[in-house]
Amino acid sequence: MTIEIADTTTAPAPKTAWYVGATKAQWQAFWSSYLGWALDIMDLLLFAMLLSHISADLGMSRSTAGMIASASLVATAFGGLIFGFLADRIGRTRSMVLSILCYSVGTLLCGLSQDVTQLLLFRIIVGLGVGGEWSAGAALITETWPARHRGKVMAWVQSAFASGYALAAIVAAVFLPIIGWRGVFFFGIAPALLAFWIRRHTPEPEIWKQQTERLSLGGTLRMLLTDHGRSTAVGFAFTAAAMCGYWGLFTWIPTWLATPVANGGPGLDLVKSTTWIVIMQVGAGLGFISFGYVADSLGRKAAFVIYFLLSALAVPVYTLVSSPTMLLAVGPVVAFFGTGFYSGFAPTFAELFPTNIRATAQGFIYNAGRAVSALAPAAVGILSTSFGLGGALAFTAGFFLLAGLIVLVFLPETKGAELK
């Protein structure tokens, strides 16, 4: 049985900016989720920034490295399910704290890896925490802020993804020459400090506290796969396709930028590669933010289609560019459309599912899609042996096209829906 509860979130007047009149609880939820997401992406992507150094030290091939990256993405699906279920049972804030501790400890352990097997195990722990943190944070934000601004608020929070990506590049560039790749992973324990602040200062959403029906895992899965089976299937399908495009492309961009010209790459040094990546993330941040305004104006469906199609056009152009100046110009455009669509996942899924399974649904669909996308980094690594890394990256455009087609045909419009 689904209990319907009106969304009683305090909201500003319709014509004011999304942040005008926001309550203390709304800002606490905002900053908890923003910082949690920025730091989980930092911990997740440190591996990509350190990949060439880890490979040289542990004797990993590109295929093996790609498979380890894929394994951590697969783990996010289980993390999304586990911590999403906990968020529905024990609260959004408590689940977020546990997930942050999980990925922080996992990142620290990566620095202690003595072989590829240990590194694989510790990257799986990181993936579990990262997947769970998104689940709890998405539910916390979408249930705390009003419907008419939900897309915009979520977009600003999702822009933490770009901040985390850039932070990973900066941390690696600054500390790698000083303390080596193991020491850089030790830096990943820092988010654990955030967990204690969140537990102390961030309240649970009112709509969750009023929801008295706490389902078992079996009951939750039954609602997810039967009562709301179509929404689950459509959400999973376009999320998986879009994330295959993203992770296949962005897992390998740091390595591609550093690939020597003689081997078909741009041949950028560490400083230039880091600078180019950070500038790309400026484009990504603007893409995240802009998507929310487009989605709240034109609707979720139109926004997804626009961003997916433009991503499919931008990616091949980027992989054909060799000039550092042109890479600097085109990179932010690729990141703008190729990551901006992430802002639409949480609001759309929140509007498709009721409160008693919302966090589980959001976390499961998002992270199951990310798990499937784990095939993409491994596939790019394998294809690079035949087509070169740049040629392999161009194949990711097809995933963005597929995601756009699924949304266009199957996704219902949920713009402005009140949460139930």
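Rings of Phe, Tyr and Trp (its six-membered ring) pair if their centres lie within 6.5 Å; planes under 30 degrees apart count as stacked, over 60 as edge-to-face and the rest as tilted. By that rule the structure holds 41 aromatic pairs. One of them joins Phe-30 and Tyr-34, which are stacked at 6.2 Å centre to centre with 15 degrees between the planes.

This is a predicted model, in which local features need pLDDT of at least 70 and side-chain atom pairs count only at pLDDT 80 or more, while totals for chains, interfaces and linings use all residues. Residues are numbered from 1 along each chain as its sequence is written, and side-chain values use heavy atoms, with hydrogens and water left out.

**Confidence**

pLDDT is the predictor's confidence in each residue, from 0 to 100. The protein chain averages 86, and 95% of the residues score at least 70. Helices here are DSSP runs (H or I, at least four residues), numbered from the N terminus; strands are E runs of at least two. Confidence is lowest in helix H12 (residues 253-258), at a mean of 80. It is highest in helix H19 (residues 397-410), at 96. Over residues 1-13 the pLDDT is below 50. That stretch still has 40 contacts in the model beyond near neighbours in sequence, a contact being heavy atoms within 4.5 Å. Where pLDDT is low, the predicted coordinates should not be read in detail.

**Residue burial**

Buried means under 20% relative accessible area, exposed over 50%, and partly exposed in between (1.4 Å probe, protein chains only).

| Residue | Relative accessible area | Class |
|---|---|---|
| Phe-30 | 4% | buried |
| Tyr-34 | 17% | buried |
| Leu-86 | 24% | partly exposed |
| Met-326 | 42% | partly exposed |
| Arg-358 | 0% | buried |
| Phe-400 | 0% | buried |

Phe-30 and Tyr-34 both lie in helix H1 (residues 24-49). They are 4 residues apart, about one turn of the helix.

Arg-358 belongs to helix H17 (residues 358-372). Setting aside neighbours within four places in sequence, Arg-358 contacts Asp-88, Arg-92, Thr-142, Glu-143, Ile-207, Ala-350, Phe-353, Leu-419 and Lys-420.

Phe-400 lies in helix H19. Residues up to four places away in sequence aside, Phe-400 touches Ala-242, Gly-245, Tyr-246, Phe-308, Ser-311, Ala-312, Val-315, Gly-338 and Phe-341. Gly-338 is 62 residues from Phe-400 in sequence, and 8.3 Å from it in space, C-alpha to C-alpha.

Leu-86 is found in helix H3 (residues 62-90). Leu-86 and Gly-391 are 305 residues apart in sequence and 42 Å apart in space, C-alpha to C-alpha.

Met-326 sits in helix H15 (residues 324-340). Not counting residues up to four places away in sequence, Met-326 touches Val-321 and Gly-331.

**Helix packing**

Helix H6 (residues 150-158) packs against helix H16 (residues 345-352) at about 135 degrees, with the axes 8 Å apart. Axes are lines fitted to C-alpha atoms, for helices over the stretch in contact, and angles run from 0 to 180 degrees between N-to-C directions. H6 is therefore oblique to H16; angles under 35 degrees count as roughly parallel, over 145 as roughly antiparallel, 65 to 115 as roughly perpendicular and the rest as oblique. Arg-150, Gly-151 and Met-154 in H6 meet Ala-346, Pro-347 and Glu-351 in H16. The contact residues divide into 3 nonpolar, 1 polar and 2 charged. Here Ala, Val, Leu, Ile, Met, Phe, Trp, Tyr, Cys and Pro count as nonpolar, Asp, Glu, Lys and Arg as charged, and the others, Gly among them, as polar.
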